[in-house]
Amino acid sequence: MIDDVSPSSGQGGTQVTISGSELFGGATDVESVELSGVEATLLDDRSNDKIVVNAGASASPGAGDVVITGTSGAIVSKSTAFTRSEER
């Protein structure tokens, strides 16, 4: 379960920390993370209760879901938890 996304908004390249519990969805690791529909770059700093990513670049600003896919295919998500800012 995702408890917090910090910061909750940003552009491509923004470092984002996702915290909660069972973020791997019962798997041993995370396969991918999407912020507002755009795949983020996973950083080495990750555990079942904290995942750190860099937001991917996108031409479409707006609010969207945070979706974590575990290596088992399990999905953990939080609705409208990240707002993508307009790229500069």
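## The nonpolar core

The largest nonpolar core holds 19 residues. Those with the most contacts inside this core are Ile 2, Ile 18, Val 33, Leu 35, Ile 51, Val 66 and Ile 68. The model is a predicted one.

Neighbours within four places in sequence aside, Ile 2 is in contact with Ile 18, Ser 19, Leu 23, Val 66, Ile 68, Val 76, Ser 77 and Lys 78.

## The five-stranded sheet

Five strands form an open sheet. Their order is E2-E9-E8-E4-E5, and the pairing is mixed. Strands E2 (9–10) and E5 (38–39) stand at the edges. Each has a single partner strand, so one side of each is left without a neighbour in the sheet.

Strand E4 covers residues 30–35, and strand E8 covers residues 62–70. The two pair in the antiparallel sense, over five bridges. Val 30 stands opposite Gly 70 in E8.

## The E6–E7 hairpin

Strand E6 spans residues 41–47 and strand E7 spans residues 50–54. A hairpin joins E6 to E7 through two residues. The strands run antiparallel, with four bridges between them. Across this pair, Leu 42 stands opposite Val 53 in E7.

Terms used
Residues numbered from 1 in each chain as written. Predicted model: local features only at pLDDT ≥ 70, side-chain atom pairs only at ≥ 80, totals over all residues. Heavy atoms only, no water. Pairing = 2+ DSSP bridges. Core = buried A, V, L, I, M, F, W, Y, C linked by side-chain atoms within 4.5 Å. Buried < 20%, exposed > 50% of the residue type's maximum accessible area, 1.4 Å probe, protein only. Contact = heavy atoms within 4.5 Å.
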